[in-house]
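Here is a friendly walk through a structure, one feature at a time. Keep the view open as you read.

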Amino acid sequence: MPDPVIRAVGLSKEVMSGEAPLKILDDVSFDIAAGESVAIVGASGSGKTTLLGLLAGLDRPTAGEVWLGNRALNGLSEDARAALRQRWVGFVFQSFQLLPALTALENVMLPLELAGASDAGPRAREWLARVGLDARTTHYPKQLSGGEQQRVAIARAFSGEPQVLMADEPTGNLDGATGAEVAELMFRLNRERSTTLLLVTHEVTLAARCGRRLSLATGRLVGDERSGAVGGSTTA
Amino acid sequence: MLDTVRLAWRLLSRDWRAGELRVLIAALVLAAASVGTVGFFTDRVKGALTRQANLLLGADLLLSGDRPLPDQFMREARARGLAAVPAIKFNSMVQAAGGAGSAVLADVKAVTAGYPLRGAILLVDPADPAGKVARGVPAPGEVWIDSRLAARLGAQQGSKLAVGESTLTVGAIVQQDPEVTSGLLALGPRLMMNLDDVAATRLLQPGNRASYRLLVAGDAVNAFRDWAQAHLDRGQRVESIRDLRPEVRQTLDRAEQFLGLAALVAVMLAAVAIALAASRYLRRHLDAAAMMRCLGAPQRQILALFALQFFALGVGASVVGCALALGGQQLLVVLLSGVVSTDLPAPGLWPAVAAAASGLALLFGFALPPLFALSRVPPLRVLRRDLGLPRAGGWLAYALGAATIALLIAWQAQDATTGAIMIGGTVGLLAVAGAVAWGLIAFLRLLPQRGYSWRYGLANLRRRPLASSLQIGALGLGLMALLLLTLVRGDLLKNWRASLPPDAPNVFLINILPDQIDAMHALLQRELKADVALYPMVRGRLVAVNDVPVDSTRLTDARARRLAEREFNLSWMQEVPRSNRVVAGQWWKPGETGVMSLEDGIAETLGVKLGDVLTYDIVGTRVSARVANLRKVDWDSFRVNFFALYPPGMLQGLPTTYIAAARAPSNPAWLNGLLAQFPNVLAIDVGEMLQQVGAIVEQVARAVEFVFLFTLAGGVLVLEAAIAATQDERLYDAAVLRTLGASRRQLATAQLAEFLALGTLSGLVAAGGATATAYVLADRVFHIPFGWNPWLWAIGIIGGGLGVAVAGWLGTRHTLHQPPLALLRQFG
């Protein structure tokens, strides 16, 4: 097995809820290898999104360690974590999270520009074409449908050519057919770029397309199941 | 009820701690402080005027004329059992006897025993800072001078002063005399002497404008007033406390109106900030209100809950605003110390009430509609968050707010026209500035955009074009006012001075007697190495046009009435004078008589045409002449010029004095020598006069600047309110950018870019507006060359950019420190 891309060691997260501390994540550990596609599944409130946030360095754990590549996030400042994310991680959210003031093209350019790329424009255009939105580059998010917005978000996530794509309920705000299209697009690009895919979902069909499923219940890792299939291979 | 109060208090203190109310409070404080500052200040000055009113004249009634008053007035007054004393006011050069030191032009008042009939003269007493009341008047051979004259002459009690051809001794230093009209526009230093000494000074020559007065006091003064009114001749008038110093009161009224309206611009901007802050407050409290309704609270209780909070807020902020205003008005008094006496009565309570009322009116005009919306929030919102989104707007909200503003302006402007101009002007300026801003924002989009910071910053401006334009307009307005008052004012003065010819005379010599011409001419030739022309001057009053007597009361134009009332300076000349140009008719030929020349502006004011026959009364002699030509006069040349000119010979034999204008070195030695030889001559130093006027303009401008600082503060508040209103969007953007890997520094640059652009555009609007105003003032109003000032643009743009960048950064910096996951959850 190659070196893990993501490694969680004894991750715990507590928040103060009123007077008493509330444990959202409790001693979660696992490794994810490059090229794997992993679904994090579990009921509402099981700590899925919290886990994803910790893995991306969007939040700090109360205890335990997160490694991205060969870097431990724990000792890094907010800015250093952001820099690491910039190079390593692409994001897709349930509610798209596009910047309303920017056009589709500008949204896709954003991570490239943040990384200081000089060819942000052409590369972003290319990515929009790849998600089938080359005709809508100058549209603002509110002029796009939900499915189109999510495709812009996917283009944005991939434009920085990350090692890892993290997706939080990427089809949760879309109707069934559109959701399926978006999922298909995501898995296809993931395959083409051979990125590592980390997906939070409670949709069984989506989870089933991943090669590995981590199950959470009340903050604890209760299952780590692999299927023989590699992400999306069922359609291959 | 008590529970509601307690709950309201708890909610308020929680919001206070969370910093939710900062902008709202600041806007209320600003509104109350700006209205209060101006209110307190004008109240104090008016109080001083009223307090001293019956002392100001030194009498109950004052008769004055530009020639000695006929004896009948004094006889009649005394016959009616009234006290009556004569006095004369005129100007004279005063100098330390012996010709040492410089000569000073002073206001001289010659009085006689019994003066003043009301009030008292206070003399400086080293033992008592309040001064001591003078007994009687200066004895013959004695003068009393004020401290300003003493300082300028270096004189003290016992010093000998040359006044005209007399040498008089300083008997006392005057601390306050009854005719010091609370210090308002008291220009010249003062000297008081005995009426019996006047003749010996030989100062009262026909060319010296003197005011001959009769002070009257007693019970039957009103009946005497009616009698005197009926017996007044031209150039004579009656003043009493009733019509005391109308020009002073008018000036004060106008100043109050102007300052009040300037303060209202700040109030209007505060209203915008309050509206923005209140609508944000509404959005933030919608959930709480929905939950309370869900738990069974009636609308009435929710309304009471929030209204109570706002009322407490309004009262608190008004008190703070009033306290600031008390400091502000004192600063105004200090800034205007040369114009307004600092010895003013304490401010009254009324301006405080007005200031507090303004703040509360704004709060309820702009915050009440959102409050109603809050009380009507559907309880179902607790389940479906998209329900009952605030519709704080609606026509009712705007109508109530607009009515509040209109009411405040109507109250301050005191007449409909001024109020309408004010509202129209501010709204128009805001609209123009906003439209320009809109265009500029659109234009920026066309520029190549390198880097995400600029792209993101400008995108944020474009995202809310209306709000951005409003902010740019509001900030631009405040900056423009300050640019106008600082740079443009200085430019206009500088350009005017530069437009004066370099050889423009800087000293006028008047009151030269005919038998002094040759000696004076020789002296000027010797001292100044110049052939200075001396012009004859005869004073006469216009009495008839085409044999129809002039009735000044029927002239509607105030300036025309004043011109018809006073005495004209008439002169004679063979040739068209320099810097004059005949624009109608023909200049006279040698030997021609029975004709005259009139300046075309005064001809127009008086309604006189070419060919009309004007009759002047010159000390009892009537001289009639046909208007043969009209002249344009370049008054800026500072040469000796006359409204009315005659050919030589026509005014011969009438009482004449001579006037000369010369370019002289600033060294006063030659002038002292001249005045020693010709003590009756008055020397008017143009530079000194300009300096005095300039000093007053400077002070007034600084005071107005101070009031306009409130306007700028209003602009900044609109900015802060807009930042607060977009807080959620900014937090969201920051979270997304953070997730995409943006560093704190990158986030900060993007926000800085936005505010830098906002400020630069405001500065551009301000500099453009100030330049346009400067052009109109220079070209249309003052007729001086317009000077392009690059500093105006540099300071406007750089100052605006940096100022707004700092203000914006202060308002948004905490968005950089939020952990992204929590935010994404909140907005997801």
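## A hairpin and its turn

With 14 C-beta neighbours inside 10 Å, Thr218(A) counts as partly exposed. (A residue is buried if 20 or more other C-beta atoms lie within 10 Å of its own, exposed if 12 or fewer, and partly exposed in between, with C-beta atoms placed from the backbone.) This is a predicted model, in which local features need pLDDT of at least 70 and side-chain atom pairs count only at pLDDT 80 or more, while totals for chains, interfaces and linings use all residues. Residues are numbered from 1 along each chain as its sequence is written, and chains are lettered from A and ligands numbered from 1 in the order in which they are written.

Where is Thr218(A) placed? Look in the loop between strand 9 and strand 10 of chain A. Helices (H or I, at least four residues) and strands (E, at least two) are DSSP runs, numbered from the N terminus. Strand 9 and strand 10 of chain A form a hairpin with 2 residues between them, and phi of Thr218(A) is near 40 degrees, a positive value in a residue other than glycine.

## Partners of strand 9

Two strands pair if DSSP finds at least two bridges between them. Strand 9 of chain A runs antiparallel to strand 10 (residues 220-226) of chain A, and 6 bridges join them. Within this pairing, Ser215(A) stands opposite Gly223(A).

Strand 9 (residues 212-217) of chain A also pairs with strand 3 (residues 37-42) of chain A, this time in the parallel sense, over 5 bridges. Here Gly42(A) is set opposite Leu216(A).

## Another positive phi

Ser194(A) is not a glycine, yet has a positive phi of about 40 degrees. Find Ser194(A) in the loop between helix 6 (176-193) and strand 8 (196-200) of chain A. Is Ser194(A) buried or exposed? Ser194(A) counts as exposed, because 9 C-beta neighbours lie inside 10 Å.

Chain A has an open sheet of 4 strands in the order 2-1-4-5, with antiparallel pairing. Strand 2 (20-33) and strand 5 (71-72) of chain A stand at the edges with a single partner strand each, so one side of each has no neighbour in the sheet. Strand 4 (residues 63-68) of chain A pairs with strand 5 of chain A in the antiparallel sense over 2 bridges, and Trp67(A) has Ala72(A) as its bridge partner.

Helix 1 (residues 48-55) of chain A packs on the sheet, touching strand 1 (4-17), strand 2 and strand 4 of chain A. The direction of helix 1 of chain A makes about 125 degrees with that of strand 1 of chain A; angles run from 0 to 180 degrees between N-to-C directions, and axes are lines fitted to C-alpha atoms, for helices over the stretch in contact. 8 of the 8 residues of helix 1 of chain A are buried, so this helix is largely enclosed by the rest of the structure. Among them are Lys48(A), Thr49(A) and Leu52(A). Just after helix 1 of chain A, Gly57(A) takes a positive phi of about 75 degrees.

Helix 3 of chain A packs against helix 4 (residues 120-130) of chain A at an angle of about 125 degrees, with their axes 8 Å apart. The two helices, helix 3 and helix 4 of chain A, are therefore oblique to each other (angles under 35 degrees count as roughly parallel, over 145 as roughly antiparallel, 65 to 115 as roughly perpendicular and the rest as oblique).

Residues making the contact include Val108(A), Met109(A) and Leu112(A) of helix 3 of chain A and Ala124(A), Trp127(A) and Leu128(A) of helix 4 of chain A. Two residues are in contact if their C-beta atoms, placed from the backbone, lie within 7 Å.

## Where chain A meets chain B

How many residues of chain A are in contact with chain B? 23 residues of chain A are in contact with 22 residues of chain B. Helix 2 (78-88) and helix 3 (104-114) of chain A are the elements that give two or more residues to the side of chain A that touches chain B. Helix 2 of chain A gives the most, with 6 residues.

## A cis bond in chain B

Tyr115(B) and Pro116(B) are joined by a cis peptide bond, with omega about -10 degrees. Pro116(B) has its place in the loop between strand 3 (104-111) and strand 4 (122-125) of chain B.
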